[in-house]
Amino acid sequence: MPIDVGRRPSVDHESVRLRLEETWHQPPGLWGWLTSVDHKSIGKRYIVTAMVFFLLGGLEAGVIRAQLARPENTLLGPDAYNQFFTMHGMTMMFLFAVPVVTALGLYLVPLMIGARNLAFPRLNAYGYWVYLAGGLFLYISFFLNTGPDTGWFSYVPLAGPEFSPGKRVDVYAQSITFTEIAALVAAVELIVTIFKNRAPGMTLNRMPLFVWAMLVQAFMVLFAMPWIATVTQLLAMDRLVATHFFNPAEGGDALLWQHLFWFFGHPEVYIILTPALGFVSMIVTTFTRRPVYGYPAMVLSLLSIGFLSFGLWVHHMFATGLPQLGQSFFTAASMMIAIPSGIQIFCWIATIWSGRPRFSVPFLFVLGFVVLFVIGGVTGVMVASVSFDQQVHDTYFVVAHFHYVLVGGAVFPLLGAFYYWFPKVTGRMLDERLGDWNFWLLFIGANLTFFPMHQLGLEGMPRRVYTYLQGTGWGDLNLLATIGAVLIVLGMVLFLVNVVMSLRRGALAGDDPWGADTLEWATTSPPPPYNFAYIPVVEGRAPLWEQSGELPAVAGLRTDVRDVLLTTMLDAEPDSVHRHPVPTIWPLLAAIATTILFVTLIFTPWGAVIGAPLLLLSLLGWGWPQGREHHEEVMVEQQG
Amino acid sequence: MRPMRVVADVSGLPRTVFGHRSLMWWGTLGFIVIEGSTLFICVASYFYLRRNFSTWPPEHVFRPALLIPTVQAVLMLASNIPMRWADRASSRMDIRGVRNGFLVCSVLAVIMTVLRWFEFKSLHVRWDSNAYGSVAWATLTAHGTLLVLEMAETIAFTVLLFKDTAEDRDLAGASDNALYWYFMTGVWIPLYVVVFLSPYFM
């Protein structure tokens, strides 16, 4: 702390708040919405957009389950079925799971670390627009009967120019590029924000576990996403300009695709899971009213999950014929990642054991997560064994496994997080009774849907077939799975009803309805555009529990411009003051230029000649300094 | 909102900082990691695809010409001298030094971009001839994109620095631009070895 002015009387300066409001508010109307650089405004639309895609992906799953409910069904033909399961996978992985957890991070991290915004607010806006454009592009193509149809991992040679003529696979490749750019800019955004914008005193050792989880996730995105972004470009080039990366006739290699894809694809699962582990830690802390047991062990587990997740990719390729040593290595690595995951589970159990649990809806979802995730984890250890994997490869056993991991491991904590932070975002509580029904329908529905798939897989039912014959005997279990899917749909309808009703008539939340310990609960619900009137000073891991009355804070930032405080990376000592940008249209224009570039590139290499200069121009417009003021009157926060 | 009590005043903190104290430095580092990964993937694919051929370059393909690529590599390395000079001038708040350094580097960036065009010709193979050609072209293109971006940014900064409205923080920005320049030119050296020299000994 550079200038300690000692303890001063409590400050509640209405004039400071009014000036901050004026400086940080989003302009009204559509223009304000299009030009916003507020992490909360963008975070909210990010979350809503991702949830819309979740519903679309869910509807696709519903249609798939309806088709498979009985043998030799004719609801979907093979071509439509291929598009449906591909769209379901792509939507859930690229348009829902990663974006929604990232969006929650973009919304919550600045509030949790006592910052006024993310480090690069315009980049955040750009990321959202690019993501939206990618999602719209994919769905418009789908409705034009050009939806991708080669599965979410789109193996060559099936996805190559020879076996997939037309534009469907190009849509696959390019829509992924959109979403990966969005994920990458969000990752840079989060890492820099967490490193440089933490409240004074919030050393790395005092960061909330969700912030740790987002930090680890952002690093994983940073190292994993370039792989998929690059490999899809190589595929697009094979298809557009006749390169030969994956064409064995000219020295290319189909397995190269699998290596490059899965080097991204396996960390992807943990990119989705890691923030969910953060949600769980936060919810467990609040609803047991005690700090999570084993904070250092939890942090180290998150870090080791991040590292280990990059050493597992080949277990997706056991059926391709690998050297014995490779098989053993990747089996061992795959089993090893169960250790840090297990440590986390034991720490939560110890926390619940020694705390006083309140069984509110967010906590129910956490308990549901523990059950489902453990089941998914155990089958994960099973498929890590090469001999077992060879038997169930590409069967419904694998489908069961990864749905337990993803639905149990990510969707349940996510819904828990929704119930938990909804009051902060909207100022109103979600209804608990509807929430209970929501939980139980989903929990029973998920088990009913996915558990029978283990047996179907063991009986040899392959994944990605649009129907099966009567004589296989798979009809009953498939029907059971479809009934489970109906329960999931009902549960999600209840969730939507709850959200809509609570937005209008939900009980008012107040600042801190759960009695939680982290900084986001110190501000109003919903938070003002500037987040905190004064930047809080943190003296421990649970600032709100440790300071029952007034929070210590720093003053001295200007209130007439968007000043933010930067702190040092390790110890969060106040270090410098940074000027934040004001609302601007350039991120949207840059996203439009990006879209023109990517979409035209599907049809002609000359797309680069049209799109790239537009993108460059928009980036120059973005970076060009605007409205430089020189000698204005300086207004700073009062200091009591 | 929780009531707060002020315990410290931060109004005296600096507003222009350099290196790891600056947000932009970290942001630039993030993009260096992303783009470095992309280039690494090109190199990994290069060696992976190598295994599918008995000779490298494949039969009936000439080895790449070395004159222009070597000139380019030397120029890339040498360009760090004026950029480093500009970088140091920026931390001294010496705007004239930064302007001169950026002017020189803008000219160099244009020359390097033109040379890149001739480097493609030096490969002696088309992208659609075989997997060797594909991966060599992809590596040059991936790095070429960074080169063009850096050229645009350096020229834009040069224009900005020559205007009257240039501020202290533009100098910090120029220093962050220098970080990216070191990366873009430095990473070319191993890529040059892989794409142009390795066909002579692999």
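Predicted model: local features only at pLDDT ≥ 70, side-chain atom pairs only at ≥ 80, totals over all residues.
Colleague: Which helix of chain B gives the largest share of the side of chain B that touches chain A?

Modeller: Between the two chains, 44 residues of chain B are in contact with 66 residues of chain A. On the side of chain B that touches chain A, at least two residues each come from strand 1 (4-9), helix 1 (23-50) and helix 5 (131-162) of chain B. The largest share of that side amounts to 13 residues, and the element of chain B that supplies this share is helix 1.

Colleague: How many nonpolar, polar and charged residues are in the contact of helix 4 of chain A with helix 14 of chain A?

Modeller: The axes of helix 4 (residues 78-112) and helix 14 (residues 396-426) of chain A come within 11 Å and cross at roughly 30°, and this crossing is left-handed. From helix 4 of chain A, the residues A97(A), V100(A), V101(A), L104(A) and L108(A) meet L406(A), A410(A), L414(A), A417(A) and W421(A) of helix 14 of chain A. Sorted by class, the contact of these two helices has no charged residues, no polar residues and 10 nonpolar residues.

Colleague: Against which helix of chain A do the buried residues of helix 19 of chain A pack?

Modeller: The buried residues of helix 19 of chain A are L615(A), S618(A) and L619(A). Because they cover an arc of only 100° around the axis, they are on the same side of helix 19 of chain A. The partner against which these buried residues pack is helix 18 (586-603) of chain A.

Colleague: What is the omega of the cis peptide bond that joins S525(A) and P526(A)?

Modeller: P526(A) has its place in the loop between helix 16 (475-505) and strand 2 (535-536) of chain A. The bond joining S525(A) and P526(A) is a cis peptide bond, with an omega of about -10°.

Notes: Residues numbered from 1 in each chain as written. Chains lettered and ligands numbered in written order. Buried ≥ 20, exposed ≤ 12 C-beta atoms within 10 Å, placed from the backbone. Helix = DSSP H or I, 4+ residues; strand = E, 2+ residues; numbered from the N terminus. Arc of directions from axis to C-beta. Contact = placed C-beta atoms within 7 Å. Axes fitted to C-alpha atoms, helices over the stretch in contact; angles between N-to-C directions. Left-handed = near helix turned anticlockwise from the far one by under 90°. Nonpolar A, V, L, I, M, F, W, Y, C, P; charged D, E, K, R; others polar.
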